[in-house]
Amino acid sequence: MSTTADHVLELLLNQAGFLRADGNRRTGLVGAQEARERVDAHLRYGVLFREMEVGSTSSDLVYETPGVGQVSGTPCIYLKVLQDPSPERVADLRMRLWNHGRIPTLWVVTQNSVRIYDAFARPQEEDKREIRRHLLGELQCIGDQLRGLDEFHRRNFDSGAFWKSGAGRRIDTQQRVDQALLRDLADTEQLLRNEGLSPTIAHSLLGRTIFVKYLEDRGILQPLHFRVHGAANFRETLGDEATAQSFFEWLRATFNGDYHFRTLNGVVQ
């Protein structure tokens with residue numbers, strides 16, 4: 001019998017224990033619509049839901065294990081419905097969720113299965129060609145039943161039993177984005193020191209580079225801000241000592257120790 005991804009999602013929510021006996025969602029299941037309407041949910045997941053807007057967006061859900069009192073639970077599952085899950089699209093979703101860094105599993109719901117991925121695994125170029133990379137498990141929809149669900153039932157996440165299971169043990173927290181960033185910074189510092197830079201200068205250069213990329217990602221720094229210093233972009237700026245020195249002096253004067261952008265040649269950002 002032909003089915004749809006939305007129908008498979010309904011089966012998953014029912015059979016994996018995400019719904020109560022009366023059909024209402026259990027506490028901890030947060031939807032994109034809810035994140036737009038509730039301040040607390042928006043603060044936790046509003047940005048993430050927007051970042052994950054690839055393919056179907058109406059059914060995106062996050063599941064948190066139960067919290068204590070007014071303290072929210074720990075996010076452990078991101079549910080995404082995709083009618084046409086190509087390797088490129090799944091790889092893009094994994095990259096976005098990996099950058100978020102807080103949710104360890106991505107559940108991609110398709111018209112005939114639920115594929116569960118390790119969302120802490122560092123994305124690689126090969127992910128765009130092989131849809132089964134970093135796959136923890138796949139629940140097959142046969143009739144109106146999901147096969148292989150026992151290990152991934154909600155109760156195992158609530159009790160912590162999942163993390164002791166075969167799938168749970170394969171999630172490597174050392175590949176999480178924050179850990180990967182720390183290793184990348186340490187490796188980059190060593191490369192700079194191998195080029196003859198002192199630890200102080202290497203740390204300073206890394207700190208300034210992170211700050212510049214922060215400003216670029218938010219659209220505050222534009223190409224014109226590099227062009228006035230004789231470079232097309234930040235990479236080119238670093239290629240010449242005099243250009244880099246000029247740019248960093250301007251950056252310090254412009255921000256003067258804070259994040260408030262001032263005027264540059266009549267252009268206010």
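Which helices each supply at least two residues of the lining of the largest pocket? They are α7, α8 and α10 (234–238). The model is predicted, so local features need pLDDT of at least 70 and side-chain atom pairs pLDDT 80 or more, while totals for chains, interfaces and linings use all residues. Residues are numbered from 1 along each chain as its sequence is written, and side-chain values use heavy atoms, without hydrogens and water.

**The α7–α8 pair**
- Helix α7 spans residues 177–194 and helix α8 residues 199–217; helices are DSSP runs of H or I with at least four residues, numbered from the N terminus.
- The two pack at an angle of about 130°, with axes 9 Å apart; axes are lines fitted to C-alpha atoms over the stretch in contact, and angles run from 0 to 180 degrees between N-to-C directions.
- On the α7 side, the contact (heavy atoms within 4.5 Å) includes Leu 185 and Leu 192; on the α8 side, Leu 206 and Ile 210 are among the residues.

**The largest pocket**
- About 850 Å³ of space lies in this pocket, a volume being the space filled by probe spheres set on the grid points, which are joined across faces, edges and corners.
- A pocket is an open set of points on a 1 Å grid where a 1.4 Å probe fits, with protein on both sides within 12 Å along at least five of seven lines.
- Its lining has 18 residues, meaning those with an atom within 4 Å of a point.
- Leu 181, Thr 209, Ile 210, Lys 213 and Asp 217 lie nearest the centre.
- Helix α8 gives the most to the lining, with 7 residues.
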